[in-house]
Amino acid sequence: MQLSFAYLWQLFLRSFQEPRAAMAQVLSLGISRQTLWQLLLFTCTISVVVSYITGSFLPQPQLPDGTEASQISPFRLGLILLLSQGLLLFLGTVVAGKIAHGQGSFDDVLTMIIFQQLIMFVLNLFQLLIALVSPAFAVMFGLSTLVVLIWQLCQFVAEVHGFKSALAVFLWGCVAVILISFALAPLMISLGLVPLEGV
């Protein structure tokens, strides 16, 4: 099947209206694993570029000493994105697939991650356009889309693994993220992704 712009846009809109049905539609494409890895690299790269550009237009948070925090570098932004995608891949395959007896395969979970990464890329483009007009409103847009993306991700995971309840996915996901975050804290500190004095 040729993936036209109209088809992808229809999938994008459907992911907010019927997220489980949209995920099932994406999985039915049967994309090969080699193509999936290429798509993952591509989506991560363009997401880092757009996120960095958008961040340059947004107000930076204030540090305790009153100075403005500097924008995170593209290299660190890329590391954070890769770590988050790796964590999601682990949760989606090992935790949901093995422990919770989910039906989804490794390729299914990888497809899910790429699909939502593409959705995030489109939302980042919208945020960039908003930031050109109103940086403050762009921040509010980013926070609101984060809530929607979390809800959407729970629906995706439920569809991939054949779970009935997306709420249960959210609750178990919170527990797993908290536990893994404690385990990954030393690594993130050593990479400079988390300031030592903030831990």
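Modeller: F5 is exposed, at a relative accessible area of 68%; exposed means over 50%, buried under 20%, and partly exposed in between, with a 1.4 Å probe and protein chains only. The model is predicted, so local features need pLDDT of at least 70 and side-chain atom pairs count only at pLDDT 80 or more, while totals for chains, interfaces and linings use all residues. Residues are numbered from 1 along each chain as its sequence is written, and side-chain values use heavy atoms, with hydrogens and water left out.

F5 sits in helix α1, where helices are DSSP runs of H or I with at least four residues, numbered from the N terminus. F5 also belongs to a nonpolar surface patch, together with W9, L13, V49, Y52, I53, F57, F126, L129, L132 and V133. The accessible area of this patch is about 1100 Å² together, by the Shrake-Rupley method with a 1.4 Å probe, where for residues only the protein chains shown count as cover. Patch members have over 30% relative accessible area and no salt bridge, and nonpolar side chains (Val, Leu, Ile, Met, Phe, Trp, Tyr) are joined within 5 Å. A salt bridge here is a side-chain nitrogen of Lys or Arg within 4 Å of a carboxyl oxygen of Asp or Glu. Helices α1 (5-17), α3 (33-55) and α5 (106-133) each supply at least two residues of the patch, and α5 gives the largest share, four residues.

F5 is also part of one aromatic cluster with W9, F12 and F16. Rings of Phe, Tyr and Trp (its six-membered ring) pair if their centres lie within 6.5 Å; planes under 30 degrees apart count as stacked, over 60 as edge-to-face and the rest as tilted. The structure holds five aromatic pairs. One of them joins W37 and F106, a tilted pair with 6.0 Å centre to centre and 45° between the planes. This pair links distant parts of the chain, with W37 in helix α3 and F106 in helix α5, 69 residues apart. W37 is partly exposed, with a relative accessible area of 40%, and F106 is partly exposed at 28%. The rings of F115 and F156 are also tilted, because their centres are 5.4 Å apart and their planes at 35°. F115 lies in helix α5 and F156 in helix α6, so this pair ties together parts 41 residues apart in sequence. Both F115 and F156 are buried.

Methods: Patches are made of residues with over 30% relative accessible area and no salt bridge: like charges are joined within 9 Å, nonpolar side chains (Val, Leu, Ile, Met, Phe, Trp, Tyr) within 5 Å.
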